[in-house]
Amino acid sequence: MPSTDSPSPGVTASEARPAVRLDGVSKNYGGSYAVRDLSLDIAPGEFFALLGPSGCGKTTSLRMIGGFTDPTSGTVLLGGEDVTALPPDKRNVNTVFQSYALFDHLSVADNVAFGLKRKGVGRSEIRERVATMLERVQLGGLGDRKPRTLSGGQRQRVALARALVNRPQVLLLDEPLAALDLKLRRRMQVELKQIQREVGITFVFVTHDQDEALTMADRVAVMNEGRVEQCGTPEDVYERPANRFVASFMGTSNLVPGTYRDGQVVLDCGPALPVGRRAGIADGSGVSLSIRPEKIWLSEFEAGMALVQGVVRETVYSGPTTTYLIELAPGVTVSVLEQNTDRSRMEDRWHGGERVEIGWRPEHCLVLD
Ligand SMILES: Nc1ncnc2c1ncn2[C@@H]1O[C@H](COP(=O)(O)OP(=O)(O)OP(=O)(O)O)[C@@H](O)[C@H]1O
C-alpha cells in the first residue's frame, strides 16, 4: 500500500524512503539467535555489504530481505512498504546466489530472458532488453552458447544479467564471487561495482572477505554473533573501528595492551604514550591501543611521534611489501608493513634478533576499551 507520509521539501518520495529498512529484526532458531534486533537503512542506489565471520548471521539477514526466511520478530520494509508477510515472488527483489543456478538446457539468452517471459513481457521487448543486458555484462555475442561452455566468470555474469534484466528494486548477492579464483575475483569486484553504478540498482552483498567489502561497498555493516558491530563507509570501519572486534576483523590490526591515565596510555611493555583525552574512558581502565601495520614507521621519525623499542622476530617478504614481526615485550608482538619501494634499501632489510625502534603518530592509534 502506498504510504501517505509526505517527503521533506525538495526530496521526491522514493528518495526519502530507504530502499531497504530492517526495523528490530530477529531470527531465532530453537532458542539461539542467528540475527538479533537488527535495524538498518539502505539508501536507494547504494552498494551495501553485510560482512562478518562464518555464522554471524549475514545470510539469514539477506534471506529475510528476500523473503526466503521469516523473521521471528521485527519488520522488513522495501521502498517504504512493509513486506514482512510477503513471499519472495511478491517482493521487487532478485537474488544472485553463490551457486549460479543457471538452466543448463537453455541458452545464455534464454536464461536471461526467463524471468521476463514468465512476467509476460512482449517478445520484441524481451529481445531488446536481453541484448542490452548481455552487452552490459560483456557477454554480447555469447547469447546462443550453453552455460556449461562458459568460464566461471562468464557464468557469474550470466547470473547477474538474469537478475538485473528484471530491473528489481533491490539485488541481493550472497557471496557471488566465492567460486572464482583470486585473480578473476579481483577483476569481477571492479566490474560488479561498475555495473552497479551504471544500472543504479540497490545492491545488498554478503561476504566474509574484508578486502571485497572494502573494494566494492559504499557502506559496510560489520556483523558478529547476529548483531551489527559497526556500520559505516569502508574508511570508517577500517580507519576508525568502533571496537576490538571490528579493529581485528578488518585486516590486521595491532592491539597493544596498556592502562589509560590522564590522557596517556601506559603500555604494559613500558613506555607511556600521549593519546589525548578520550571521552568515555575512565582513568585506570585497561585498554588496547589499536594501530595498523602500515601506520608504523621504521625510520626517519617526525617530532611528536610515539617511539617504542623492540626486537625483530620475523621478516616476511611478499613482493610489494615486507612484514616485520616486532616483539615489544614478552607476549606483545606487533606487525609492521613496509612498502618495498626503495631499491637501495633492499640489503638494509632488518633481520631476526636485531634491536630496533619503531614509531607512530599519536592520531593514528585508537584507544579501545
Ligand atoms: N535453518 C536453520 N536452522 C537452524 N539454524 C540455522 C539455520 N540457518 C542458519 N542457522 C544458524 O544461524 C547462524 C547464522 O547463520 P548464517 O547462515 O546467517 O551465517 P553467515 O554469517 O551467513 O555464515 P556463512 O558465512 O558461514 O554462510 C548460524 O549459527 C547457523 O548455524
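This is a predicted model: local features need pLDDT of at least 70, side-chain atom pairs count only at pLDDT 80 or more; totals for chains, interfaces and linings use all residues.
Local features need pLDDT of at least 70, side-chain atom pairs count only at pLDDT 80 or more, and totals for chains, interfaces and linings use all residues. Residues are numbered from 1 along each chain as its sequence is written.

**Ligand shell.** The residues around the ligand include Tyr 29, Lys 58 and His 208. The shell has 3 nonpolar, 7 polar and 1 charged residues. Here Ala, Val, Leu, Ile, Met, Phe, Trp, Tyr, Cys and Pro count as nonpolar, Asp, Glu, Lys and Arg as charged, and the others, Gly among them, as polar. Helix H2 (residues 58-66) gives the largest share, 3 residues. Helices (H or I, at least four residues) and strands (E, at least two) are DSSP runs, numbered from the N terminus.

Most residues other than glycine have a negative phi. Gln 138 has a positive one, and so does Glu 175.

| Residue | Phi | Other C-beta atoms within 10 Å |
|---|---|---|
| Gln 138 | near 60° | 14 |
| Glu 175 | near 45° | 19 |

Gln 138 is partly exposed, and Glu 175 is partly exposed too. For that term, 20 or more other C-beta atoms within 10 Å mean buried, 12 or fewer mean exposed, and partly exposed is in between, with C-beta atoms placed from the backbone.

**The sheet.** Five strands form an open antiparallel sheet, in the order S13-S12-S11-S14-S19. Strands S13 (272-274) and S19 (366-368) stand at the edges, each with a single partner strand, so one side of each lacks a neighbour in the sheet. Two strands pair if DSSP finds at least two bridges between them. S12 (residues 264-267) and S13 pair over 3 bridges.

Key. A residue is near a molecule or strand if its C-beta atom, placed from the backbone, lies within 6 Å of it.
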